[in-house]
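The sequence and the coordinates are shown here for reference.

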Amino acid sequence: GALQCGICGKIMMDPVVAADGFSYERSEIELHLARSNLSPTTKRRLAFLDVVRNNHLKNAIEAWRRDPTHAGGWIASAKEELKCPITMCTMADAVVTGDGHSYERSAIMQWLRRHASSPKSNLPLSSKALITNHNLALLARTIASYE
């Protein structure tokens, strides 16, 4: 599922995105990357071995944890995490930047043509690299199944 680590299968506490665009529990992916440069999900070589926080997914997981029945009360909060901070529309092609925030790909690409900072924090980005955020797409499909 969208909230589960692709390595251990547990609900994540500290989700990070790897170069393959999938999210993993930080401790699990760091152990994996210490011994392999292959994606645990795709089994393909990773372009880089750094990981990036997945802030939007972490917020959705925290909303899920606050809903004791996990019956769907968390969905309203999680839906907010699917909105691009630039366009305020639901993301169809979510990507994550080096500071851990996710955006609609076209919106952040346009932003980065004119800025070297994060639209969320206004702090400088160490890189303009974008990583596809597969878990947010899976979260959108999960939420749609509840509705």
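Predicted model: local features only at pLDDT ≥ 70, side-chain atom pairs only at ≥ 80, totals over all residues.

Leaving aside residues up to four places away in sequence, Leu-3 is in contact with Lys-10, Ile-11, Met-12, Leu-57, Ile-61, Trp-64, Trp-74 and Leu-139.

Leu-3 also belongs to the largest nonpolar core, a set of 31 residues. Within this core, the members that touch the most others are Leu-3, Ile-29, Trp-74, Leu-136, Leu-139 and Ile-143. At least two core residues are supplied by each of H1, helix H2 (55-66), helix H3 (75-81), E4, H4 and helix H5 (134-146). Among the contributors, H2 provides the largest share, with 5 residues.

Helix H1, which spans residues 26-35, has Ile-29, His-32 and Leu-33 as its buried residues. These lie on the same side of H1, because the arc they cover around the axis is only 95°. On the face turned away from that buried side, H1 carries the exposed residues Leu-31, Ala-34 and Arg-35. The elements covering the buried residues of H1 include strand E1 (15-17) and strand E2 (23-25).

The discussion now turns to the sheet. Three strands form an open sheet in the order E5-E4-E6, and their pairing is antiparallel. Strand E5 (102-104) and strand E6 (131-132) are the edge strands, each of which pairs on one side only. Strand E4, comprising residues 94-96, runs antiparallel to E6 and is joined to E6 by 2 bridges. In this pairing, Val-95 is positioned opposite Thr-132 of E6. Helix H4 (residues 105-114) packs on the sheet and touches E4, E5 and E6. The direction of H4 makes an angle of about 100° with that of E5.

The cysteines remain to be considered. The structure contains 0 disulfides. For Cys-5, which is in no disulfide, the nearest cysteine sulfur is that of Cys-8, at 3.8 Å.

Notes. Residues numbered from 1 in each chain as written. Heavy atoms only, no water. Pairing = 2+ DSSP bridges. Helix = DSSP H or I, 4+ residues; strand = E, 2+ residues; numbered from the N terminus. Contact = heavy atoms within 4.5 Å. Axes fitted to C-alpha atoms, helices over the stretch in contact; angles between N-to-C directions. Buried < 20%, exposed > 50% of the residue type's maximum accessible area, 1.4 Å probe, protein only. Arc of directions from axis to C-beta. Core = buried A, V, L, I, M, F, W, Y, C linked by side-chain atoms within 4.5 Å. Disulfide = S-S within 2.5 Å.
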